[in-house]
Amino acid sequence: MELLDFYKAIETKSTDMLQAAMSSNWQAVADCEKACAVLIGELRAQAEAQTLSAQERKEKTRIMQRILRNDAQIRLLAEPWLATLEYMGTAPAGSALHRCVTCFNALQGVLLARMACLSGLFSWA
């Protein structure tokens, strides 16, 4: 696989992640994030052995900009949950509020992992 193909695959997963977020399918968002992390790991390994031409670097920049736009849209979809649940505090185990807080904690973990994933991608830019 060529180096630019890794960026394209990450963009595809980013688009899949956005579609999942638009459907409120947070498990699929997490699954896509995991797939992105694997692709980024492979990209890092390949980046040591391959270089991009000037034209490929321009295409990589366009791809990364689209990934950032997808990420911003995902964040907009996810943050209303975060803003609402953040202020709910604690609740008795088993209550609806407790389940919401549990969901919030899981979603927060997904978002933090996605941010780490993107951070890894841009450190190899």
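## Chat notes

User: What's up with Arg75 and Asp71, and how many residues apart are they?
Analyst: Arg75 and Asp71 are 4 residues apart in helix H3, so about one helical turn separates them. Keep in mind that this is a predicted model.

User: Why does a spacing like that matter?
Analyst: An α-helix has 3.6 residues a turn, so residues three or four places apart point the same way.

User: What do Arg75 and Asp71 form?
Analyst: Arg75 forms a salt bridge with Asp71. Their closest N and O atoms are 2.6 Å apart.

User: Is Asp71 buried or exposed?
Analyst: Asp71 counts as buried because its relative accessibility is 6%; the cut-off for buried is under 20%. Arg75 is partly exposed, with a relative accessible area of 33%.

User: How many salt bridges does the structure hold?
Analyst: The structure holds 5 salt bridges. One of them joins Arg66 and Glu11, with the closest N and O atoms 2.4 Å apart. That pair links distant parts of the chain. Arg66 sits in helix H3, Glu11 sits in helix H1, and they are 55 residues apart.

User: Why would side chains pair up at all?
Analyst: Side chains of opposite charge can pair when their charged atoms come close.

User: Is Glu11 buried or exposed?
Analyst: Glu11 is buried, at a relative accessible area of 16%. Arg66 has 28% relative accessibility, so Arg66 counts as partly exposed.

User: What else is Glu11 in contact with, beyond its sequence neighbours?
Analyst: Setting aside neighbours within four places in sequence, Glu11 is in contact with Ile63, Arg66, Ile67 and Asn70.

User: Which residues are linked with Glu11 in a network of salt bridges?
Analyst: Glu59, Arg62 and Arg66 are linked with Glu11 in that network. Within it, the side chains of Arg62 and Glu59 meet in a salt bridge, at 2.9 Å from N to O. Arg62 and Glu59 are 3 residues apart in helix H3, so they too are separated by about one helical turn. Arg62 is partly exposed, with a relative accessible area of 35%.

User: New topic. How many helices and strands does the protein have?
Analyst: The protein has 4 helices and 0 strands. From the N terminus on, its elements run α-α-α-α.

User: Tell me about H1. What should it span, at 1.5 Å a residue?
Analyst: H1 has 20 residues, so it should span 28 Å at 1.5 Å a residue. Its end C-alpha atoms are 29 Å apart, which agrees.

User: And what follows H1?
Analyst: Ser24 follows H1, and its phi is positive, near 55°.

User: How about H2, how far does it reach?
Analyst: H2 reaches 31 Å from its first C-alpha to its last. That is close to the 32 Å expected for its 22 residues at 1.5 Å a residue.

User: Which residues of H2 are buried?
Analyst: The buried residues of H2 include Trp26, Val29, Cys32, Cys36, Ile40 and Leu43. In H1, the buried residues include Leu3, Phe6, Tyr7, Ile10, Ser14 and Met17.

User: You mentioned Cys32 and Cys36. How many disulfides does the structure hold?
Analyst: The structure holds 0 disulfides. Cys32 is in none: the nearest cysteine sulfur, that of Cys36, is 6.9 Å away. A disulfide needs sulfur atoms within 2.5 Å.

User: Are those two cysteines buried or exposed?
Analyst: Cys32 counts as buried, at 10% relative accessibility. Cys36 is buried as well, with a relative accessible area of 4%.

User: What about the largest nonpolar core, how many residues does it have?
Analyst: The largest nonpolar core has 23 residues. Those with the most contacts inside it are Tyr7, Ile10, Met17, Val29 and Leu43.

User: Which helices supply it?
Analyst: Helix H1 (3-22), helix H2 (26-47) and helix H3 (54-86) each supply at least two residues of this core. H1 gives the most, with 9 residues.

User: Last bit. How much of the protein is buried?
Analyst: Buried residues make up 34% of the 125 residues. The protein exposes about 7,200 Å², and carbon and sulfur atoms supply 58% of it.

User: And the contacts along the chain?
Analyst: Take the contacts between residues at least 6 apart in sequence: 76% of them join residues at least 24 apart.

Conventions. Residues are numbered from 1 along each chain as its sequence is written. This is a predicted model: local features need pLDDT of at least 70, side-chain atom pairs count only at pLDDT 80 or more; totals for chains, interfaces and linings use all residues. Side-chain values use heavy atoms; hydrogens and water are left out. A nonpolar core is a set of buried Ala, Val, Leu, Ile, Met, Phe, Trp, Tyr and Cys residues joined through side-chain atoms within 4.5 Å. Buried means under 20% relative accessible area, exposed over 50%, partly exposed in between (1.4 Å probe, protein chains only). A salt bridge is a side-chain nitrogen of Lys or Arg within 4 Å of a carboxyl oxygen of Asp or Glu. The expected span of a helix is 1.5 Å times one less than its number of residues. Contact means heavy atoms within 4.5 Å. Accessible areas come from the Shrake-Rupley method with a 1.4 Å probe; for residues, only the protein chains shown count as cover.
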